[in-house]
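Here is a short briefing on how some strands in this structure pair up. Keep the sequence and the model in view as you read.

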Amino acid sequence: MKYIFFVLCWWLAGTLSAQQLKGRVLEAGKDGNVGLPGANVYWLGIPGGVATDVDGNFAIEKRPNGRLIISFVGYASDTLEIGEKDHYIEVVLKAGHQLDEAKVFKRGQTTIMNTKSPVIEQVITGEELCKAACCNLGESFTTNASVDVSYADAVTGAKQIQLLGLNGKYVQMMTENMPNFRGVSVLYGLNYVPGPWMSAISVSKGVGSVTNGYEAIAGQISVDYKKPQGSEKFYVNLYGSDEEMFEFNMNGSIHLNDKWSTALLVHGDWMEKEHSMHHNGFLDMPKKAQYNLMNRWAYKTDAWFVQFGGKFLDENRLGGQKGFREEMRHQIGEGNLYGISINTRRYEGFLKVGYLMPQYENTSMALLVNYTDHDQESYYGGYEYDARQRSLFMNYIYQSIFGNNPNQKFSAGASFNYDNYDEIFGDYKRTENGLVKNTPVNPQREERVGGVFFQYTGTFWTKLTLMAGLRYDYHNLAGGFVTPRFHIAYMPDEMTTLKFSGGKGRRYAAVLAENAYLLASGRSVNVAGQLLSGRPGALKNLDMEEAWNFGVLLNRKFLLFDRLLNINLDYYRTDFSHQVVADNETRPGMINFYNLDGDSYSNCYQVEIRYELIPRFDIMGAYRYNDARITYSAPEGLRRVRTPLQSRYKGLINLSYYTNMKKWQFDFTTQFNGPGRLPGGNQQFESFQLMNAQVTKFFRKWSIYAGCENIGDFTQKHPIIAADAPWSVDFDASRIWGPIHGRKFYVGLRLGFDRD
């Protein structure tokens, strides 16, 4: 009987969900069709309608034997006769006739909340990135209320993300849906992606899809690079600041024929001047030189889509006290200058193969492969840390529908991830004969993880979408485990969206690699009770980290003075059942890494409002409150405290105005950062405000921009503790809660030639 009931329920769900018409609106181009976001889809003679999402997809309540109209500014509208058997359609709009001397310009949303997908996702477009200098990925979130980026310490220039009140290592970083910037590259990976290379950034809060792996705990950030088939024919970006930092970016693409295309992307940035505005003898930022090169290819037919390419990066950082030079590396101890150096070479190769199966409707499969070889040589005063990480990621995904119903989809596949860590950590001890190097620790580790997954996505009553996924993985060090995740989206009308997500995330911590910035201090290092000083051998394995994350979002639009007022409200809760604690405050002179014993959680509340106040004048305001706490195993017992060095709240206001015909654009952003707890007690750091502004002048093929960051010239006072005694146990450059650089002026030029 229960099987009959299940079959009836399944048939009823499919029948109800089929009462909507789905489809995709495409834009006709010289080299193929691409999705057209923001197109209007509505029934003739019936008020209301829907707009296509970022990929051109739409879903509208079905009205058999009706006339469906698809329109978009600048394109010829299309009217289709829809019959009872039509459930999915694709429409290609063609550009309308243009007048020689007239031009109408209207800017769409530059940050898009994806209301069609059940996943809570926000897309930052390339136009949004141009509101600031955006030299790299780490500087791309200036106008984003959800993601914070701050310096990890005061000497290396390392940056780290915070999302949902959690450190960036709990955010799954991806490039085009392939995990990247893990382990050794966590601290500096944000600098490895040049801003002008990016076409968009996707930010998902909470747990993501199981198809991308099990590591997302706080969220997922995926970067889309410019692609050969859609990028400019030739593009150059030049940048310079009053700090004498210079940057060069160039990309160009060639369409070899109607199937093959290729693109070359080049980047270089240099900083050679010594800056020390704190008068403590230390550079505020390291001297740096980075060279970045990427070549990618694309092959496209009606059924096949193949992309492959490679990337090479070389970066050198040198910082510490003024006057320090590379040849002083082994001059260690009192009376010598303190220096840091991080030299990196990184190679990447990727392959993406997609196949649309013409014999089966709505069926496709894809293979994603990414290989990385990251080699880093570094030292922090008396600590030496060298690391090499080789990683291989492979993911096979098969997508189809149940029966003939496009509203009932599924994805299934298998993945494999391989990481090889070869690390060398060493320090020095003082003897009667001076400083002698201790026997280095060589914690080699090899991780192999194989997994399978299944994900179901169903739409019911045209208003409710459910995504449920489950994956099983086997880790050679942690054993087998199951990762469940689910997402629900409910749209009672076209102006309201309610989403709910929940699930589990796991990750295996690379203790030294992810926390290397803590070595910019005089503390000794202890991992699971093992002091890393003169003790060769492998590190003890700590538990695999594990957390549940639940979130809810309400998006509501109002029509106010014929313009949309967009309001987002969301809340997330993250609970750790297993966590590796990085404790640098409960035991003086020591950095301790150990397994969590007690509670560790984060609550994050956020409200965001967007509105076009007057024509061409957009305003965005947001407020976020963080309540993140962790339990330390102190000598006197367990002690639960607020996560240190984290602002309890953040406010953001972004104003953007462009003149008629978009000849000028003006952008202004203010951040309000609240107080937070300092390590080692109950003392707090102060609240502070940051202001940035940029002006852009547009010409036909090029534009110039100029701006100022940190207009108020606010900096954290005394960012380095015991700066006058860098070889002492009291020295610490890792307690950073605010900006360490003052006011910065910059100017730049963008030159681009698009295809006809």
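In this predicted model, tyrosine 705 has glycine 748 of β48 as its bridge partner. The strands β47 (residues 702-709) and β48 run antiparallel, joined by eight bridges. Strands of a sheet pair through backbone hydrogen bonds, either parallel or antiparallel.

**Strand β48 and its two faces**
- Strand β48 covers residues 744-753, and its side chains alternate along the way.
- Lys744, Tyr746, Gly748, Arg750 and Gly752 point to one face and are buried.

**β48 and β18**
- Strand β48 also pairs with β18, in the antiparallel sense, over eight bridges.
- Phenylalanine 234 stands opposite phenylalanine 753 in β48.

**Serine 241**
- Serine 241 lies in strand β18, which spans residues 234-241.
- Is serine 241 buried or exposed? Serine 241 counts as buried because its relative accessible area is 10%, and the cut-off for buried is under 20%.
- Beyond its neighbours within four places in sequence, serine 241 is in contact with Lys744, Phe745 and Tyr746.

**A four-stranded open sheet**
- Another topic is an open sheet of four strands, ordered β4-β3-β6-β7 with antiparallel pairing.
- Its edge strands are β4 (50-51) and β7 (78-82), and each pairs on one side only.
- Strand β3 (residues 40-43) pairs with β4 over two bridges, in the antiparallel sense.
- Valine 41 has valine 50 in β4 as its bridge partner.

Definitions and conventions: Residues numbered from 1 in each chain as written. Predicted model: local features only at pLDDT ≥ 70, side-chain atom pairs only at ≥ 80, totals over all residues. Heavy atoms only, no water. Pairing = 2+ DSSP bridges. Buried < 20%, exposed > 50% of the residue type's maximum accessible area, 1.4 Å probe, protein only. Contact = heavy atoms within 4.5 Å.
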